[in-house]
Amino acid sequence: MKILLNINGLNREVEANPTEKLRDLLQREGFVAVRNGCDGEGTCGNCSVLLNGRLVNSCLLLAAQVEGKKIHTIEHYSQMRELNPIQEAFIESGVVQCGYCTPAMQLGVHELLERSPDQRRPIGYHLPLYGIRTDLPSH
Ligand code: FES
């Protein structure tokens, strides 16, 4: 079946198996920063994407469920050819480790700051968000 998605601002018509998970479709379409950390149990968050601005585990959704919706992956940031303030803050704060889960963490910070710009306490992932928030030049 063909489904229409808006991925990182571009409309795309993609072929999807009716039982295909959104994570698998995105990886197949080249969005390799959407990772698999728990084989679809929904516990690690490494497959996180923004779906209409809300952080979701793409391994828990069927691709067909999100037809017509807006999806953002971390690759959206790379289209800008410069680090965005969240990426810069991660580097300045020294929280980038092996990098496997970093894309999902950055999307989580993005969503959190959109929802609650004054958020200043650590949340999920044991992330030192205070340090990241402090290092953001302006938001
Ligand atoms: S792969 Fe772990 S939550 Fe989706």
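How many cavities of 30 Å³ or more does the protein contain by the rule applied here? In this predicted model, the count comes to one cavity, and the space in the largest cavity amounts to about 40 Å³. Rolling a probe the size of a water molecule over the atoms shows where empty space is left.

The lining of the largest cavity is made up of Ala-33, Val-34, Asn-46, Ser-48, Val-49, Thr-73, Ile-74, Glu-75, Pro-103, Ala-104 and Leu-107. Sorted by class, this lining has seven nonpolar residues, three polar residues and one charged residue. Strand S3, which covers residues 48-51, and helix H4 each supply at least two residues of the lining, and H4 gives the most, with three residues.

Helix H4 runs over residues 102-115 and therefore has 14 residues; from its first C-alpha to its last it reaches 20 Å, which is close to the 20 Å expected at 1.5 Å a residue. Eleven of the 14 residues of H4 are buried, so this helix is largely enclosed by the rest of the structure.

Gln-87 is buried because its relative accessible area, 14%, is under 20%. When residues up to four places away in sequence are not counted, Gln-87 touches Ile-74, Tyr-77, Glu-82 and Gln-106.

Leaving aside neighbours within four places in sequence, Cys-38 is in contact with Thr-43 and Cys-44. Cys-38 and Cys-59 are 21 residues apart in sequence, and their C-alpha atoms are 9.3 Å apart in space.

Asp-39 has a phi near 55 degrees, a positive value in a residue other than glycine. A positive phi in a residue other than glycine is also found at Asn-52, where the angle is near 50 degrees. Asn-52 is placed in the loop between S3 and strand S4, the latter covering residues 54-57, and with a relative accessible area of 47% Asn-52 is partly exposed.

Taken as a whole, the protein has five helices and five strands, which follow the pattern β-β-α-β-β-β-α-α-α-α when read along the sequence. Of its 139 residues, 41% count as buried. Among the contacts in the protein with a separation of 6 or more, 49% are accounted for by residues 24 or more positions apart.

The confidence of the prediction must also be considered. The average pLDDT of the protein is 86, and 83% of the residues score at least 70. Over residues 122-128, however, pLDDT stays under 50, and for this stretch the model has 14 contacts beyond four places in sequence. Where pLDDT is low, the predicted coordinates should not be read in detail.

How values were computed: Residues numbered from 1 in each chain as written. Predicted model: local features only at pLDDT ≥ 70, side-chain atom pairs only at ≥ 80, totals over all residues. Heavy atoms only, no water. Helix = DSSP H or I, 4+ residues; strand = E, 2+ residues; numbered from the N terminus. Buried < 20%, exposed > 50% of the residue type's maximum accessible area, 1.4 Å probe, protein only. 1 Å grid on protein atoms, 1.4 Å probe; cavity = no way out; pocket = protein on both sides within 12 Å on 5 of 7 lines; lining within 4 Å. Points joined across faces, edges and corners; volume = space filled by probe spheres on them. Nonpolar A, V, L, I, M, F, W, Y, C, P; charged D, E, K, R; others polar. Contact = heavy atoms within 4.5 Å. pLDDT = per-residue confidence, 0-100.
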